[in-house]
Amino acid sequence: MTLHTALLQGAKLLEEACIAAPRLTAEVLLSHAIGRERVYLYAHPEEELTEVGWIHYGRYLHQRLDGMPTQYITRSQEFYGRDFTVSSDVLIPRPETEHLVEAAIVKIRPGDTAVDVGTGSGAIAITLALERGVPIIATDISFAALAVAAGNARRLNAPVTLVACDLAGCFRPRSIDVLVSNPPYVPRTDQPALQREVRDYEPHVALFAGPTGLEIYERLIDEARMVLRPGGWMLFELGYNSLDPVRAMLGSEWRDVEVRSDLAGLPRVLEARLAAT
């Protein structure tokens, strides 16, 4: 079987199963199976697919047809122009989270102590460290997630310190200048309606906050109030319909509250500064 034929057959199987972007998905899976870039498939369409390549390709197609996200099959996801290793121990970094990174970049100054709470793959912390050229501290409650983040930090040579911690509770009072987080914010009641790729494969500890989806925001705001230095910044990614209730959690001690929208016009990032006195 040639690469061209294998690509056509894979795309057909995925299309019949109503998998999104079937042609692109087949290209990614086939190129991953043979250890080549996607462009190789079109430069060498008549090349015979080896038996080992066919075994890998068939397994990847089966996994995707079962609902496993392509990123977990290839163990790779691009974020802010860099390639990150991902596994089912961490959420797949989304393009929307780049808005949080862009907001945080302008808040972090040389010498600041900045923390990424709930780091997962380390995509936020590593990106901030490399873009700003400063060390970043990253926390996660999951040791498995921290192992993924550690591997990404080593491979990308990012100055990130990883800490096993439930949110920001391990830090001393008034010790942080910038606190950044993309926290769990999906209500548990939404679980049945989620796409199977998310519901069945992504880690629930990083998805679900509790019955309302607001529980982690409430805890983080309380902890940020304790660990931030006066004048320090708190930045969160917002979930769907969470802006108003999250903003209502902010007391009078928070200043310069701003909301950034994503490319779809949805409120995506909330930033607030702890009063200086």
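Student: What's the strand order in the open sheet of 7 strands?
Tutor: The order is 5-4-3-6-9-11-10, with mixed pairing. Strands here are DSSP runs (E, at least two residues), and helices are DSSP runs too (H or I, at least four), both numbered from the N terminus. Two strands pair if DSSP finds at least two bridges between them.

Student: Before we go on, what are we looking at?
Tutor: It is a predicted model: local features need pLDDT of at least 70, side-chain atom pairs count only at pLDDT 80 or more, and totals for chains, interfaces and linings use all residues. Residues are numbered from 1 along each chain as its sequence is written, and side-chain values use heavy atoms, with hydrogens and water left out.

Student: Which strands stand at the edges?
Tutor: Strand 5 (160-164) and strand 10 (254-261). Each has a single partner strand, so one side of each has no neighbour in the sheet.

Student: How are neighbouring strands turned against each other?
Tutor: By 20 degrees on average, direction ignored. Axes are lines fitted to C-alpha atoms, for helices over the stretch in contact, and angles run from 0 to 180 degrees between N-to-C directions.

Student: How many bridges join strand 6 to strand 9?
Tutor: 5 bridges join strand 6 (residues 176-181) to strand 9 (residues 228-237), and the two run parallel. V180 has L235 in strand 9 as its bridge partner.

Student: Which strands does helix 11 lie across?
Tutor: Helix 11 (residues 215-227) lies across strand 3 (114-117), strand 6, strand 9, strand 10 and strand 11 (267-274). Its angle to strand 9 is about 160 degrees.

Student: Switching to helices. At what angle do helix 1 and helix 4 pack?
Tutor: Helix 1 (residues 3-16) and helix 4 (residues 51-65) pack at about 15 degrees, with their axes 10 Å apart. That makes helix 1 roughly parallel to helix 4 (angles under 35 degrees count as roughly parallel, over 145 as roughly antiparallel, 65 to 115 as roughly perpendicular and the rest as oblique).

Student: Which residues meet there?
Tutor: A6, L7, Q9, G10, L13 and L14 in helix 1 meet W54, Y57, L61, R64 and L65 in helix 4. Contact means heavy atoms within 4.5 Å.

Student: And helix 2 with helix 4, at what angle do they pack?
Tutor: Helix 2 (residues 22-34) packs on helix 4 at about 140 degrees, with the axes 8 Å apart. That makes helix 2 oblique to helix 4. On the helix 2 side, the contact residues include L29 and H32; on the helix 4 side, they include H56 and Y60.
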